[in-house]
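Let me put the structure up on the screen, and then we'll walk through a few residues together.

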Amino acid sequence: MSSLVEAASARGVAPNQVVKTLVVRRGEDDYLFILVPGDRQISWPKLRALLGVSRLSMPNAETARDVTGYERGTITPFGALHAWPVVADVRVRGTISIGAGAHGVSASADAGDVVRALSAPVADVTARQAPDAG
């Protein structure tokens, strides 16, 4: 979790305001972006229920880059190779800091503006992040 705390500190925000953009595979050539607060993780049962599917997976780093145009750790729905659908967790609110396509680069914006710009439905799709085992 120290990298999250460091990133939040460098950006001048709380860890829950650092928003991760995760790419999820729904089917063959069918992906979507999930906006997740930095201190949370995807709840697979909640996300599957929302999407009405029985299987979801996270693509490997190479596939994620191929379908988004971004390396892991830099993925953003803004300017991605494909305009995949976006789902925002209900806890993405207030001023957020979201990755901007390159390592060490982020953008701060109002979560409501981001959600509207992306036409993202907002739903409870995350769970509390498990503490680091190390």
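This is a predicted model: local features need pLDDT of at least 70, side-chain atom pairs count only at pLDDT 80 or more; totals for chains, interfaces and linings use all residues.

Residues are numbered from 1 along each chain as its sequence is written, and side-chain values use heavy atoms, with hydrogens and water left out.

So, the overall picture. The protein chain has 4 helices and 8 strands; these are DSSP runs, H or I with at least four residues for helices and E with at least two for strands, numbered from the N terminus. Reading from the N terminus, the order is α-β-β-β-α-α-β-β-β-α-β-β. The C-alpha trace spans about 40 × 35 × 30 Å along its principal axes. For 134 residues, a compact globule would have a radius of gyration near 14 Å, and the protein chain agrees because its value is 14 Å. That radius is taken over C-alpha atoms, and the globule rule is 2.2 Å times the number of residues to the power 0.38. Of the 134 residues, 37% are buried.

Now contacts, meaning heavy atoms within 4.5 Å. Among contacts with a separation of 6 or more, 59% are between residues 24 or more positions apart.

Let's zoom in on D110, in strand β6, residues 106-110. Is D110 buried, exposed or partly exposed? It counts as partly exposed, because its relative accessibility is 35%. Beyond its neighbours within four places in sequence, D110 is in contact with G94 and R116. A polar atom of the D110 side chain also lies 3.0 Å from the backbone nitrogen of G112.

Next stop, T126, which sits in strand β8, residues 126-128. T126 counts as buried because its relative accessible area is 0%. Which side chains does the T126 side chain make polar contacts with? One is R40, at 2.9 Å, and another is D89, at 3.1 Å. A polar contact here is a pair of N or O atoms within 3.5 Å; within protein, one must be able to donate a hydrogen and the other to accept it, and residues adjacent in sequence count only if both atoms are side-chain atoms. Not counting residues up to four places away in sequence, T126 also touches others, including V36, I42 and R91.

Then there's the loop between α4 (111-117) and β7 (122-123), where we find L118. L118 is buried, because its relative accessible area is 17%. Leaving out neighbours within four places, L118 is in contact with L35, P77, F78 and V86. S119 lies in that loop between α4 and β7 too, and S119 counts as exposed because its relative accessibility is 64%. The phi of S119 is near 50°, a positive value in a residue other than glycine.

Last one: D29, in the loop between β1 (18-27) and β2 (30-37). D29 has a positive phi of about 50° although it isn't a glycine. And D29 counts as exposed, because its relative accessibility is 55%.

Notes:
Buried means under 20% relative accessible area, exposed over 50%, partly exposed in between (1.4 Å probe, protein chains only).
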